[in-house]
Amino acid sequence: RTKEAKEYIETIWNIQDEFDLKIHTGDSFLDIIVNYYLYLAIKENIEFVVYGKLTEKMPFEMFDITTLMGNILQNAFEATIKADVPKIRVELIEHKEEIFIVVSNSVEKKVNTKTDFFITSKKDNKNHGFGLKNITATVKKYHGECYMESITENKEASFKISIAIPTAKAKENASIIAKLAKISAVSGLPLESALNIHTPQDIAAIITAVVSTNAKIGIHIFSP
C-alpha cells in the first residue's frame, strides 16, 4: 500500500494551491489535510466543521498524519454524501498528555463497526482507500488508541471514530522514566519518589541527584 499512500499524499499536497487555508488547527500538516476536505465538502454541499485548536504540533511524521487523517476523512466524506443531511465534524482536544481527534459523520444508515466501516460502493473496493489496517497501524506506531462507534441521535444515524495519541511531552516523560528505571537497577537506589512526579523538571531533578550519588560511589551509568 506504500505506493498508493504516496500517490494520495501527492494528490493532496499538489492541489493545495487551489484552496485557501480557512481552518487553522495548530498543526501545519493537519491544516492542509483538513482544508482539502473542506474544499471537497463545499463543492458537494456537505457541512464541514472543525472544533478546537492545538497548542503544539502533533507528534506525527507527514506521511503518517496524511495516511491517518486522509483515510478517516475520505471515508467520512464518502459515507456522509449518501446521507439525507450530509455533515462531517472534526474535534481536536488536548487533555493533559494526550491529543484526542474525534471525527463524526452522518450516514445513510446505522453501520456495523466490525464489518461495514470501510465497505465502499465503488467497484474497485479491493484497492479503495488505505483501510482500517493502516489507521490502526499508524495509531499503534504512536502508542495511541482508536475507538469506533455507530450511534443514532434524533433519528439520525452517524459514525464516530476517536483517536487518542500521547503528546511529544508524554513521550519525553516516558523516555526519562525508562532511564530512571535503568539507573535504579544499576545503583540499587529506590525511586519511589518518581511515582509522584508531574513535570519533566521534576524527573530531571531526580536523575541529577541519582547520577550525582552514583558518581560518588564509583558507579558508571551509560545512556543507550
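Mentor: Start with burial. Buried means under 20% relative accessible area, exposed means over 50%, and partly exposed lies in between (1.4 Å probe, protein chains only). Helices (H or I, at least four residues) and strands (E, at least two) are DSSP runs, numbered from the N terminus. This is a predicted model: local features need pLDDT of at least 70, side-chain atom pairs count only at pLDDT 80 or more, and totals for chains, interfaces and linings use all residues. Residues are numbered from 1 along each chain as its sequence is written, and side-chain values use heavy atoms, with hydrogens and water left out.

Trainee: How many residues of H2 are buried?

Mentor: H2 is mostly covered, with 12 of its 16 residues buried. Among them are Leu30, Asp31, Asn35 and the tyrosines Tyr36, Tyr37 and Tyr39.

Trainee: What is found at the start of H2, and what follows H2?

Mentor: Look for polar contacts: N or O atoms within 3.5 Å, where within protein one must be able to donate a hydrogen and the other to accept it, and residues adjacent in sequence count only if both atoms are side-chain atoms. At the start of H2, a side-chain oxygen of aspartate 27 comes within 3.0 Å of the backbone nitrogen of phenylalanine 29. After H2 comes asparagine 45, with a positive phi near 60 degrees.

Trainee: Which residues touch the most other members of the largest nonpolar core?

Mentor: A nonpolar core is a set of buried Ala, Val, Leu, Ile, Met, Phe, Trp, Tyr and Cys residues joined through side-chain atoms within 4.5 Å. The largest one here has 41 residues, and Phe48, Leu73, Ile88 and Val103 touch the most other members. H2 gives the largest share of this core, 10 residues. For contact in general, the cut-off is heavy atoms within 4.5 Å. Beyond four places in sequence, valine 103 touches residues including Met69, Leu73, Ile88 and Phe159.

Trainee: Where does serine 106 lie, and is serine 106 buried or exposed?

Mentor: Serine 106 belongs to strand E3 (residues 98–106). Serine 106 is buried, at 3% relative accessible area. The side chain of serine 106 has a polar atom 2.7 Å from the backbone oxygen of valine 85. The backbone nitrogen of lysine 87 lies 3.1 Å from a polar atom of that side chain. Further along the sequence, contacts of serine 106 include Ala79, Glu156 and Ser158.

Trainee: How many salt bridges are there?

Mentor: The rule asks for a side-chain nitrogen of Lys or Arg within 4 Å of a carboxyl oxygen of Asp or Glu. The count is four. One of them joins lysine 141 and aspartate 64 at 2.8 Å, N to O. That pair links distant parts of the chain, 77 residues apart: lysine 141 is in helix H4 (residues 131–141), aspartate 64 in helix H3 (residues 62–80). Lysine 141 is partly exposed at 46%, whereas aspartate 64 is buried at 7%.

Trainee: Which residue forms a salt bridge with lysine 160?

Mentor: Glutamate 149 does, with the closest N and O atoms 3.4 Å apart. This pair runs from strand E4 (residues 145–153) to strand E5 (residues 156–166). Glutamate 149 is partly exposed at 35%, and lysine 160 is partly exposed at 24%.
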